[in-house]
Amino acid sequence: MKYFRPNSIDEYHELLVTLKETSMSILAGGTDLMPRWEPDKGLMPDVLIDIKKIDGLMGIRENEDEIIIGALTTIQDIKKSILMQNEFGSLSEAARQFAGVQIRHRATIGGNICNASPAGDILPGLYVHQANIQLIGPNGSRSIPISKFIIGPGKTMLEPGEIVSEIHLLRKGVKSLFYKLGLRQSMAIAVVNFAIAYQQDSNGAFTSLNIAAGSVAPTIVYLESFVDAIMSGVSLDEAIQHVDIDISPIDDIRATADYRSTALKNVLEYNFRHELHQGNE
Amino acid sequence: MENLSTIGQSLSRPDAPEKVTGKTRFLTDISVENMVHGAPVYSSIPFGKFNNIDISKAEKVDGFIAFVSAQDIPGENQVGVIISDQPLFADKTVRYIGDSIGLAVAKTPGAALEAARLVKVDYDKKSPYLSIDKSRDATGNFIHKTNLACHHRLRNGDIDVGFAEADTIVEAHFKTPYQEHYYLEPQACIAFPIEDGRIKILGSLQCPFYIQKAVARIFGLPNEKVLVEQAPTGGAFGGKEDIPSEICARAALAAMKVGLPVKVVYHRFDDVQLTSKRHPFQMHYKVGVRNDGTLVSAKILLEENAGAYATLSTVVSYRAAVQAMGPYVIPNIHVDSNSYYTNLPPTGAFRGFGSPQAAFGHERMMDIIADKLKMDPMEFRLKNIVKPGSQTQTAQRLNESVGAEETIQKAARLAQWNSFNPDRSGRYKHGLGMSAIHYGNCLGAAGWHMDGSGVNIKILPSGDVHVAYGLIEMGQGAETVVTQMTADALGIAPSRIRVLPTDSAQVPDSGPAVASRNVIMTGNAIRDAAKKLLPVLKKAASELIECHKSDIIITNDKVTDNQSGVDVGFHELCDFMSRSNMSMEFTGWWHTPPLEYNAETGVGEAYFTYSYATHIAKVRVDTLTGQVFVDKIFAAHDVGKAINPAGIEGQVEGGVAQGIGWAITEDFIMDRGVVTTPNLSTYLLPTALDCPEVETIIVEKSEPDGPWGAKGIGEPSIIPTAAAIANAVSSAIGIQMNEIPLTPERVLNQLNKTEIKK
């Protein structure tokens, strides 16, 4: 395996032109990548490009309309960001519950997005806040909504040579929360996770509502049927049954499909009743 | 004169600074000149026969050196430690996915692994037995001559009379799962050929003398031709009791074949697939009780999944049988304990050795009966608990070192057992659960013939003292307590003492470092050595000081003539002895007291003494998800005498953590014999956040045959935990949880079932 570490986007693009090898991996935090090279799993790629030193891809910045997170920003930086805590509660909470302390210091938000895990903890928050993913590639840059960027387990719209540069979040004053169910208290892959973004009027009625759930489908999914039912004013008891329309969970070593569905509905219903004060408490 | 003994003091561990700063060199870090590497080749099917091993592709791997298999064995192709049912390399029959075919040897670990993967074996598959039920009910085509690996029984009293006297008879069925040791350091060794035909082994191990015998057997050599040294060992928990014997024997064969040192370090995924685990048990308890809560009769069936080879199942099965009803008086009891072969990885020694499983049975049972009788579970236990002079379930009369009752009372007081009255109306249901256990120390009647251990104490001219012992440090703190006990036995400062790495050439065969026996065995051997050593020291001192030897006192690192008050430093005495050409090396030996035990009926003295413990778990169950949170553990342990209280707290906290894992998070899953949870992301050990505060309470009921009164702690620390948690969860949700692990899914399913019934 050949290892390269470009210091800028330009250097990175120059490097791409010279490479002849067939298989290539991008290294950011490496927390998802390196375990794949265990001898019982896959082979190392011919080329590894470490993008950690590329200028300008790290840190959280803001302007009037947006918060912009550099792709190399660590989960730990997101966890400790007051800005994120104040305006994007679900992402802040997801970062808090993300893996363990060592991994939070290595893992990057860009890496978590490109890994496109159906169980990714950062992803539901990005979905409900309708994050836009900024990409840079040999043919210039482009922007795609997160829900269009991720197309399957481990699959994204990244073209060869393209990397994620930034994540854009609109500052709309939407509140959000995040929930994760794992099989232990840290270092756990979610059996179910979800984020809820919402705005309520003074009577507690939703003026906007967006929910995305993880580990219940090949990608993070929006719980659209459930949201539609809630917004149309049916009872919570009835609306919650719509969740099964939105999800397509599977059995694996962590849990059965039935369990994922039941636990998701139980906790979602509880959150609507007790956190968002819908239905009878 | 004030005695500055360190017995009872929390002396810090001599091995700690190097370990916490990462300086300790474990086997992975050790390289020797010309060393090559071995990787295991093993069966990919659970049961069948093979005729041909094709290594043509493996040979082409760059760096390939050799392939070692059954035909290379000069001695006996047999590594069975108790029952001779396990070939070192499979001889035409494979019995589990992981059964050894050979060892690929290459210049690098990577090349060895690649070559191992490329060895092709053609199999004729047989229909495998993948459960206890399938194995038990088989009528032919057995895994060995029979599918029953072993059987133990206990017949004490008359259970029919007992059940007739009972007012209530309660029956229940329990299941406990596998547990993988997950020692931080995987199995590892280096085998060295020595020019004169001897073989040296450096290994991560628990039982150097098991390895010595196993390697000697493979080569047909006398034991002493095999030298075994222990490398710093990164955890074992029983997983390095018998397993290193086979790994070292294969490495030794390879080393002798290629004439070079051969290192074998298992990758974690191989370690988990190939090596032993805790036996899964299924248990049926039928217990009769009077209305006042007196236990009168019990009929217990324990069934154990032994895996493909018996390994240590016979003694695990024995321990479970003689402890099956726990620390309670019960006059009539029948126990049958059956281990069945299956086409799954062999199960063997794991901290507790059958006791955590039996404890789950008897302690769940105690709660279920208390519930039926509407008695407080603590009162019910206290009503039946063994006391000094009581008879155990095997009709053994107990001596004075019986702290069972006190552990219950002290744990209950601290946990505020009597005032616990939670609000159970909300999402989270709170529960408190108790579990009391006894644990037979050392090898007991089934292993008495090998229950002796030795030390070799050498006084150096500088005043330093080297202690060689036959048991080992595997992370449990043995070096610390050996230091303390030696210092106290000789009256000298602990700083003088250096505990040597265990080396078969330096010490007599001391049996295995298992069964929580290190403090008792080594401590008593130290006292035996000191008994021989002290008169020599005193005689020498009397010559040095010119006084009567009966007036010499050695204490607090000083050698004093009690008549004149003249004293010399211990190092001055040692220097004098050296110059006077005196003997300065002394051995000590101790064997456990004789036991009267009838193996046919199981009645008699099963172990010479018992440790006792009570754990109380405080839990919270999320009724929406089934998640169990352990909020606190109160752990009271009767250890006879705490040689090192901090060491005991460490053992207890570690045991509790491992118990929480077994009870809740560690779900070991196999699919047709393939482990599907082979790594840390799928086999979930509890993390720091899963482990609550543990309040350790030390109870000291001095054991007359224990050194300074001490008994074992290593295993008792894990035995009650899972049952205490399951009792707490059952109490919290009002459903009897009779199977672990208590995964969220298992708990939620039970909650949903009960809701539907309502």
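At what angle do helix α15 (residues 518-545) of chain B and helix α16 (residues 570-579) of chain B pack, and how far apart are their axes? I looked this up in a predicted model.

**Entry: the helix pair**

I find that α15(B) and α16(B) pack at an angle of about 90°, and that their axes lie 10 Å apart. Angles of 65 to 115 degrees count as roughly perpendicular, so I record α15(B) as roughly perpendicular to α16(B).

I then listed the residues on each side of this contact. From α15(B) come B:V536, B:L537, B:A540, B:A541, B:E543 and B:L544. From α16(B) come B:F570, B:E572, B:L573, B:F576 and B:M577.

I next turned to the strands of chain B. I traced an open sheet of seven strands, in the order β3-β5-β1-β12-β9-β10-β11, with mixed pairing. Which strands form its edges? I identify them as β3 (64-69) and β11 (226-230) of chain B, each of which pairs on one side only. On average, and with direction ignored, neighbouring strands of this sheet are turned by 25° against each other.

Strand β1 (residues 36-42) of chain B was my next item. How many of its seven residues are buried? I count six, and I therefore describe β1(B) as mostly covered, buried being under 20% relative accessible area.

I checked the pairing of β1(B) with two strands. With strand β5 (residues 100-106) of chain B, β1(B) pairs in the antiparallel sense over six bridges. With strand β12 (residues 262-265) of chain B, β1(B) pairs in the parallel sense over two bridges.

β3(B) and β5(B) pair in the antiparallel sense over five bridges. Which residue of β5(B) is the bridge partner of B:S69? I find B:G102.

Helix α3 (residues 109-118) of chain B lies across β1, β3 and β5 of chain B, and α3(B) runs at about 25° to β1(B). Helix α7 (residues 243-258) of chain B packs on the sheet, where I note that α7(B) touches β1, β3, β5, β9 (188-193), β10 (199-203) and β12 of chain B. The direction of α7(B) makes about 35° with that of β9(B).

Key. Residues are numbered from 1 along each chain as its sequence is written. Chains are lettered from A and ligands numbered from 1 in the order in which they are written. This is a predicted model: local features need pLDDT of at least 70, side-chain atom pairs count only at pLDDT 80 or more; totals for chains, interfaces and linings use all residues. Side-chain values use heavy atoms; hydrogens and water are left out. Axes are lines fitted to C-alpha atoms, for helices over the stretch in contact, and angles run from 0 to 180 degrees between N-to-C directions. Helices (H or I, at least four residues) and strands (E, at least two) are DSSP runs, numbered from the N terminus. Angles under 35 degrees count as roughly parallel, over 145 as roughly antiparallel, 65 to 115 as roughly perpendicular and the rest as oblique. Contact means heavy atoms within 4.5 Å. Buried means under 20% relative accessible area, exposed over 50%, partly exposed in between (1.4 Å probe, protein chains only). Two strands pair if DSSP finds at least two bridges between them.
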